[in-house]
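Please open the model in your viewer and keep the sequence panel beside it. The tour goes from one selection to the next and says at each stop what is there.

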Amino acid sequence: PQLVVQDNRLVTADGIAFDMKGNLYIAVNDNRLMRLSLSGALTQLADENDGLLYPTMPAFGRTPDTRTTLFLTNGDFYALGTPDIVALEVGIPGQPLP
């Protein structure tokens, strides 16, 4: 294994997805969605103000209308107790799963 990035904002990371440009999207259980670019830049894309509550399992849509949409499950076990799915537009199509 090779260390690619180390950052406290990734503590409790819980799921990843790649887009077609090679960016890595990281769901972080403390209510964040992060994007790691190929250059190594780590950017926060969303947080609880965008509806994230213990997000996990990011996945891109598969239809033409949703290929640039990243879906995440919201555990929401401690806030409202009602898990759900949120959709965030990221503007880049996701890497298809095999």
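Two strands are said to pair if DSSP finds at least two bridges between them, and strands themselves (E, at least two residues) are DSSP runs, numbered from the N terminus. What you are viewing is a predicted model, in which local features need pLDDT of at least 70 and side-chain atom pairs count only at pLDDT 80 or more, while totals for chains, interfaces and linings use all residues. Residues are numbered from 1 along each chain as its sequence is written, and side-chain values use heavy atoms, with hydrogens and water left out.

**First stop: the sheet**

Select β5, β6 and β7, which form an open sheet of 3 strands in the order β5-β6-β7, with antiparallel pairing. Because β5 (55-60) and β7 (84-89) stand at the edges, each with a single partner strand, one side of each is left without a neighbour in the sheet. From one strand to the next the twist averages 25°, an angle taken between the N-to-C directions of axes that are lines fitted to C-alpha atoms, on a scale from 0 to 180 degrees.

Now follow the pairings one by one. β5 and β6 pair in the antiparallel sense over 4 bridges, and here you can find F60 opposite L70 in β6. On the other pairing, strand β6 (residues 69-74) and β7 are antiparallel over 6 bridges; L70 stands opposite L88 in β7, and N74 stands opposite D84 in β7.

**Second stop: two rings**

How many aromatic pairs does a search of the whole structure find? The search finds 1, where rings of Phe, Tyr and Trp (its six-membered ring) pair if their centres lie within 6.5 Å, and planes under 30 degrees apart count as stacked, over 60 as edge-to-face and the rest as tilted. The rings of Y25 and F60 have centres 5.5 Å apart and planes at 80°, so the pair is edge-to-face. The pair links distant parts of the chain, since Y25 belongs to strand β2 (residues 24-28) and F60 to strand β5, 35 residues apart.

Buried means under 20% relative accessible area, exposed over 50%, and partly exposed in between (1.4 Å probe, protein chains only). Y25 counts as buried at 0% relative accessibility, and F60 counts as buried at 12%.

**Third stop: the nonpolar cores**

A nonpolar core is a set of buried Ala, Val, Leu, Ile, Met, Phe, Trp, Tyr and Cys residues joined through side-chain atoms within 4.5 Å. Select Y25, L33, L52, F60, L70, L72 and L88, which touch the most other members among the 13 residues of the largest core. β2, β6 and β7 each supply at least two residues of this core. Apart from it lies another core, of 7 residues, including L10, L24, I26 and M34.

Select N23 in the loop between β1 (13-18) and β2; at 10% relative accessibility, N23 counts as buried. A polar contact (a pair of N or O atoms within 3.5 Å, one able to donate a hydrogen and the other to accept it, with residues adjacent in sequence counted only if both atoms are side-chain atoms) of 2.9 Å joins the side chains of N23 and D19.

Finally, move to R32 in strand β3 (residues 32-36), which is buried with a relative accessible area of 15%. The side chain of R32 makes a polar contact of 2.4 Å with the side chain of D30.
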